[in-house]
Amino acid sequence: MTDTLAAPTANTGGARFVGQRVQRREDLRLVTGHGRYTDDVVVPGMLHAAFLRSDIARGVINSIDVSAARQLDGVVAVFTGADFNAEIREHWVDFEGPGGDASPFRVLADTDVRFAGDPIAVVIATSRYIAEDACELIEVDIEPSTPVIGADAALAADAPVVHAGRADNIAGAIPAAADPVLDEIFANAAHVITETIDQNRYLCVPMETRGIVSQWDPFNQELTVHISTQGPHGVRAYIGRALGIPENRIRVIMKDVGGGFGQKMFMIPDEVAVVLAGKRLGRPVKWIEDRRENLMSGLHARDDRMTVSFAVDDTFHILGVKCDLIEDVGSFNAAGSSSIGFVGLLFPGPYKIPRVGFSAKAVFTNTCGRCSYRGPWMMETAAREQMMDIAARRLGIDPLEFRRINVITSAELPYTTAAGLVYDAVSIDGSLEQAVSMVGYEAFRAEQAAARAQGRFIGLGLGLYVEPSGIAMGNMSSEAAIVSISVNGDVTAVMSSGSHGQSLETTVAQVVADRLGVDFERVTVVQGDTAATPFGPGTGGSRSAVILNGAASQASGDVRTKMLEIAAHVLEAATDDLELEAGNISVRGTPSKGISVTEVARIAYLRPQELPPGMSLGLESHARYTPNAPFTFSNSCHACVVEVDAVTGGVKVLRFIVSEDCGVMINPDVVEGQIAGGVVQGIGGVLYEEMAYDMSGNPMNTTFVDYLLPTATEVPIIEYGHIETRSSTNPGGFKGMGEGGAIGSPPAVINAVADASPTSSTGRSSSRCRRRTSAPPSTLLADPAE
């Protein structure tokens with residue numbers, strides 16, 4: 001189902017491939033098992049690493065004895081914090097800048113441990129098996145102390161500090177600003193609804209865990225690193241600063257990556273330890289994170305609590321909102337992982353909320369550190385959309401009608417939110433109406449009443465949001481492309497970013513092929529190797545469609561212009577009279593008078609005498625692109641239908657509908673694949689996944705026996721509706737949408753479960769819908785009336 005609200009203007013490069021369901025060229029190798037991941041890298045003389053990790057959440061290290069481990073046959077070296085920590089010169093990442101040096105960091109625990117899973121020592125051996133055995137021989141004496149578990153414990157007046165030397169456990173804060181106008185709104189409002197909403201901790205869980213092979217050449221003083229990452233250039237820059245190696249002596253290679261979702265955006269200390277070990281030994285070292293390590297110490301996500309108050313008038317218009325957010329960032333959180341700033345900025349979302357008051361704290365605890373997970377600011381949508389249902393039911397109005405009263409309509413664009421963000425090319429009300437039309441909202445309400453009469457409890461929930469895609473700020477402001485046509489007419493696009501599941505080999509080739517008027521099959525995309533590609537920050541912030549393809553389009557446009565100038569010279573025609581399609585350039589109205597792209601390329605490289613006077617040889621362009629705004633807004637509405645077993649609490653998702661507006665779609669199959677992945681992660685986060693700790697700081701879910709993931713049997717066929725509103729921030733009219741699926745799905749599922757409640761006629765909403773402990777797939781839910 002597709003609805004084009006704003007039809008794309010004429011594509012100056014043609015549109016044979018953009019917008020088409022072109023088969024992903026990655027699929028052949030990936031689905032047949034021929035992808036090349038980090039664990040597939042084998043180099044001569046390679047050693048293997050294994051880490052000894054703390055099984056205590058907080059304590060003082062009295063002693064570490066590695067002598068027995070070093071004597072085990074096959075062990076080459078054992079390193080501790082005393083060996084490595086002093087070798088780090090700078091530890092900030094490009095995203096933060098030099099100010100990131102202030103964040104807590106160490107390669108290996110030395111004086112104390114700060115979470116269960118904290119790496120204490122690394123063993124380097126001839127095999128992973130031997131390295132693991134050697135870890136068992138290391139004797140560590142730790143004097144345990146009471147850990148700080150949970151935000152409440154971190155904020156307690158007598159709380160011990162997680163990081164020695166800090167005054168408290170506050171990692172970041174946004175104090176509440178005095179706002180007399182907002183206070184007066186609440187004092188005079190006809191209705192004030194307040195609720196506290198918890199967001200449970202769950203994880204990225206990439207199919208491929210972290211992996212690194214580090215190879216130091218002491219003779220050439222060169223370092224080659226194969227790594228599963230989201231940005232090879234960021235890895236190279238970080239290693240260069242941290243170890244004092246010139247960047248131009250470092251090569252970082254990312255081949256196929258089995259998912260990242262934010263977890264692999266930046267290096268973690270474990271990976272740095274592998275590089276240090278390899279450099280110290282002068283031999284290649286491999287470490288592949290096992291699943292227990294990934295779940296226990298590979299960085300966590302979410303874990304938020306938000307208190308939200310709505311002030312509403314008698315006509316059900318929202319007059320103002322107050323929010324207070326508490327975010328648990330664990331012990332050693334990754335750069336950019338705290339989202340308190342974005343949550344406040346984005347909270348108004350798709351609604352006309354005239355005034356917002358926001359405060360927040362991010363706190364350290366003795367748990368695994370936080371990372372940015374697909375839509376790291378999603379608490380703004382999760383809390384707001386639950387509050388829309390909670391407020392509607394307390395006001396005695398249908399949740400859909402409450403949204404319709406407050407939603408930003410297309411007639412009101414451009415619209416400036418209370419936070420100062422400007423929406424222009426969005427279709428918020430359109431996606432809402434498309435989703436409820438697809439789900440058959442009125443018919444569902446009749447079906448729901450009939451089902452209740454039969455003792456069955458079904459519910460419908462919505463999740464409406466605006467996604468800030470194409471994030472262009474700081475080091476993420478640009479991407480680059482080098483596009484060239486070879487002497488035989490084949491096209492190469494060398495890109496600054498790298499795919500970890502976004503299908504860039506396909507979508508970039510579609511954009512370039514259209515721009516150059518050549519067949520898709522003639523375009524090859526090169527990515528993921530710092531020795532060949534220009535600098536880029538890596539995939540994140542739903543930036544690839546907007547910024548990376550912007551660079552590809554710009555570079556291809558330059559090459560196109562040069563091709564047409566050469567052809568015009570040869571054909572003795574004006575460039576404006578030429579048409580470029582399917583690899584041929586012809587004079588408009590005279591198709592027999594033309595020249596192929598291949599022939600133009602041969603002139604450009606082999607026959608300089610045939611070029612226009614003063615033109616340089618070759619067909620190549622290097623472009624670096626920045627969109628004309630820091631955000632390119634996309635929008636979507638999710639609708640979820642569930643059935644709840646009133647006896648067991650088991651939840652079955654019956655239908656899931658997504659109406660998505662991501663601007664001009666490059667490839668609908670890729671768009672729908674991105675939506676589906678995010679939706680499944682959201683379903684998992686609500687009904688199956690939770691990383692729980694006991695009060696001693698022990699992680700309770702370190703295998704897939706306990707950390708549950710949804711499978712194909714738990715997920716319905718996802719139904720898609722598309723609206724294409726052309727973006728104004730980039731020439732292609734594209735928008736990003738890689739994170740939205742994981743943002744809109746959790747509140748849709750939660751609202752659906754609450755809507756199914758037998759305790760009220762429309763299903764009174766619940767402020768909490770989260771599991772406190774592990775449960776089998778027939779998940780036991782909190783009482784909807786809680």
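Modeller: A disulfide is a pair of cysteine sulfur atoms within 2.5 Å, and with that cut-off we can go through this predicted model.

Biologist: What can be said of Cys 204, and how many disulfides does a search of the whole structure find?

Modeller: The search of the whole structure finds 0 disulfides. Cys 204 is in no disulfide, and the nearest cysteine sulfur, that of Cys 371, is 3.8 Å away, a distance to be set against the cut-off of 2.5 Å.

Biologist: Why are Cys 204 and Cys 637 called buried?

Modeller: The term applies under 20% relative accessible area; Cys 204 has 3% relative accessibility and therefore counts as buried, and Cys 637, at 0%, therefore counts as buried too.

Biologist: What makes Arg 302 buried, and where is its place?

Modeller: With a relative accessible area of 3%, Arg 302 falls under the limit of 20% and is therefore buried. Its place is in strand β14 (residues 301-312), and Arg 302 likewise has a positive phi, near 60 degrees, in a residue other than glycine.

Biologist: Why is Gln 386 called buried, and which backbone oxygen lies 3.1 Å from a polar atom of its side chain?

Modeller: Gln 386, found in helix α11 (residues 379-395), has a relative accessible area of 3%, and since that is under 20% the residue is buried. The backbone oxygen of Ala 382 lies 3.1 Å from a polar atom of the Gln 386 side chain, a value to be set against the polar-contact limit of 3.5 Å.

Biologist: How do you know that the span of helix α15 agrees with what its 13 residues should give?

Modeller: The expected span is 1.5 Å times one less than the number of residues; for the 13 residues of α15 (residues 504-516) this comes to 18 Å, and because the end C-alpha atoms are also 18 Å apart, the two agree. The helix is mostly covered, with 13 of its 13 residues buried, and Gly 517, which follows α15, has a positive phi near 70 degrees.

Biologist: What kind of peptide bond joins Leu 413 and Pro 414?

Modeller: The bond is cis, with omega about -5 degrees, and Pro 414 lies in the loop between α12 (399-406) and β17 (415-416).

Biologist: Where does pLDDT stay under 50, and what is its mean over the chain?

Modeller: The mean pLDDT of the chain is 94, and 95% of its residues reach 70 or more. Over residues 4-13, however, pLDDT stays under 50, and the model has 17 contacts beyond four places in sequence for them; over residues 762-786 the pLDDT is also below 50, with 78 contacts beyond near neighbours in sequence. Where pLDDT is low, the predicted coordinates should not be read in detail.

Key: Residues are numbered from 1 along each chain as its sequence is written. This is a predicted model: local features need pLDDT of at least 70, side-chain atom pairs count only at pLDDT 80 or more; totals for chains, interfaces and linings use all residues. Side-chain values use heavy atoms; hydrogens and water are left out. Helices (H or I, at least four residues) and strands (E, at least two) are DSSP runs, numbered from the N terminus. Buried means under 20% relative accessible area, exposed over 50%, partly exposed in between (1.4 Å probe, protein chains only). A polar contact is a pair of N or O atoms within 3.5 Å; within protein, one must be able to donate a hydrogen and the other to accept it, and residues adjacent in sequence count only if both atoms are side-chain atoms. pLDDT is the predictor's confidence in each residue, from 0 to 100. Contact means heavy atoms within 4.5 Å.
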